[in-house]
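Morning, everyone. Let me put the model up, and then we'll go through where the two chains meet.

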Amino acid sequence: MFYDAAKRDHGLPQDPLKALIVPRPIGWISTVDGQGRVNLAPYSFYNGVSEFPPMVYFAITGTYGDTPTKHSRMNAEETGEFVVNMVAGSLSEKMNITTAMVAYGIDEMKLAGLTPAPCRFVKPPRVAESPVALECKYWKTIELPVEKGHEEKRGSIVLGQVVGVHIDDSILKDGRVDIMSFRPVARLGYSEYTTTDNVWKMRRPDDPRYQ
Amino acid sequence: MIFYDLTGADRGRMEIPFTALVVPRPIGWISTIDGQGRVNLAPYSFYNAVSGSPPMVYFSTTGTYGDNPTKHSRRNAEETGEFVVNMVSAELAEAMNVTTTMVDYGVDEMKLAGLAPAPSRFVRPPRVARSPIALECKYWKTVEMPAEEGREDHRATVVFGRVVGIHIDEAIVKDGRIDTLAFRPVARLGYSEYTTTENVWKMRRPDEP
């Protein structure tokens with residue numbers, strides 16, 4: 001089947017878009033506001049954008065109620081800092097609690113019963129239970145185009161540079177990150193999630209070690 | 001916890017690749033054509049959606065190798081204003097890997113991997129016929145990322161596009177919904193590692209009625 005993405009004439013009961021770009025990694029973003037109040041929220045429009053220097057983005061799509069989906073962006077812009085925490089398989093339920101739409105200034109880290117741990121270079125705390133945390137300095141925000149008739153859903157992306165990395169020793173095996181020891185959660189379409197439960201290797205055909 | 005200071009001397013000492021810390025990454029298998037109509041196909045794992053309204057995606061080219069073949073997709077997208085994102089289902093993993101080969105500009109990796117092209121509707125680059133999903137995109141803009149001192153040749157650029165047309169194989173639609181386990185998308189981890197989506201579970205927002 002084919003459909004026009006602008007007309008959304010897919011004929012399906014629910015918009016399939018998010019189920020077509022999968023699996024999406026989850027950036028569980030902790031920030032503080034100007035008063036030092038903690039915010040924690042998961043974003044699946046998240047990924048690396050550069051390796052040298054290491055940089056990530058997260059995108060805010062849509063607005064709900066008094067726009068709590070924008071708190072992470074507001075805080076990153078106001079303080080110039082954010083932290084990306086890894087959602088290990090064991091943390092999925094707590095991550096879900098932090099998706100609740102709460103008023104500005106409410107600490108979702110506390111709400112989910114998570115422990116804050118101090119960062120080295122930035123003010124927002126990291127989630128102590130997360131096996132990986134990336135301390136980031138805000139670089140810039142890019143406003144995305146407006147779709148006619150959907151003006152309130154205009155997206156924006158926040159870009160940051162990773163300046164510090166925390167890694168739990170227990171996920172390292174022979175000096176390498178052992179993905180199966182924390183089984184990261186990823187986002188699919190609808191209300192669906194997946195957990196990384198298998199790993200295999202494939203070398204580039206022109207990699208000398210491939211032969 | 002181990003801590004690495006990426007602004008200082010630790011940067012060189014950190015043996016763990018950054019890509020092992022942002023996982024699992026979806027794969028955008030990008031087909032483009034150059035000004036002469038020659039097809040290019042290459043996978044990118046710095047790829048994802050950036051907006052739902054309008055539907056938009058990005059892919060990032062990091063690093064340069066040889067005569068910069070990693071930049072062919074970007075060059076073509078900028079030159080022609082179009083690209084297509086094809087889904088790498090589990091059965092296409094080996095074929096996708098063939099298209100990671102660093103070949104000269106103008107060499108058709110779709111042919112190299114033995115994949116059949118299928119026409120797109122709104123854009124000129126063909127889609128991979130066997131991919132269960134293809135997103136036809138119109139190029140929006142390129143944003144240059146900052147350079148890292150001493151690593152200027154690895155400077156990244158981000159290419160954004162708007163999704164204008166979507167192909168979905170009916171075989172992966174079940175009761176009106178996309179059935180992820182029907183095609184088991186491949187995703188990228190760190191090192192030479194990949195994963196396949198083999199389990200699906202649901203979780204509703206706590207404030208959802």
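First, a definition: two residues are in contact if their C-beta atoms, placed from the backbone, lie within 7 Å. On that basis, the contact takes 82 residues from chain A and 82 residues from chain B. On the side of chain A that touches chain B, strand β11 (residues 156-167) of chain A gives the most, with seven residues. Strands here are DSSP runs of E, at least two residues, numbered from the N terminus. That side of chain A divides into 47 nonpolar, 20 polar and 15 charged residues. Nonpolar means Ala, Val, Leu, Ile, Met, Phe, Trp, Tyr, Cys and Pro; charged means Asp, Glu, Lys and Arg; the others, Gly among them, are polar.

This is a predicted model: local features need pLDDT of at least 70, side-chain atom pairs count only at pLDDT 80 or more, and totals for chains, interfaces and linings use all residues. Residues are numbered from 1 along each chain as its sequence is written, and chains are lettered from A in the order in which they are written.

Confidence next. The model scores ipTM 0.95 and pTM 0.95. Chain B averages a pLDDT (the predictor's confidence in each residue, from 0 to 100) of 93. In chain B, 96% of the residues score at least 70.

E192(A) partners K202(B). Y193(A) partners W201(B).

The open sheet has four strands, antiparallel, in the order β2(A)-β14(A)-β15(A)-β16(B). β2 (24-25) of chain A and β16 of chain B stand at the edges, each with a single partner strand, so one side of each is left without a neighbour in the sheet.

Methods: Two strands pair if DSSP finds at least two bridges between them.
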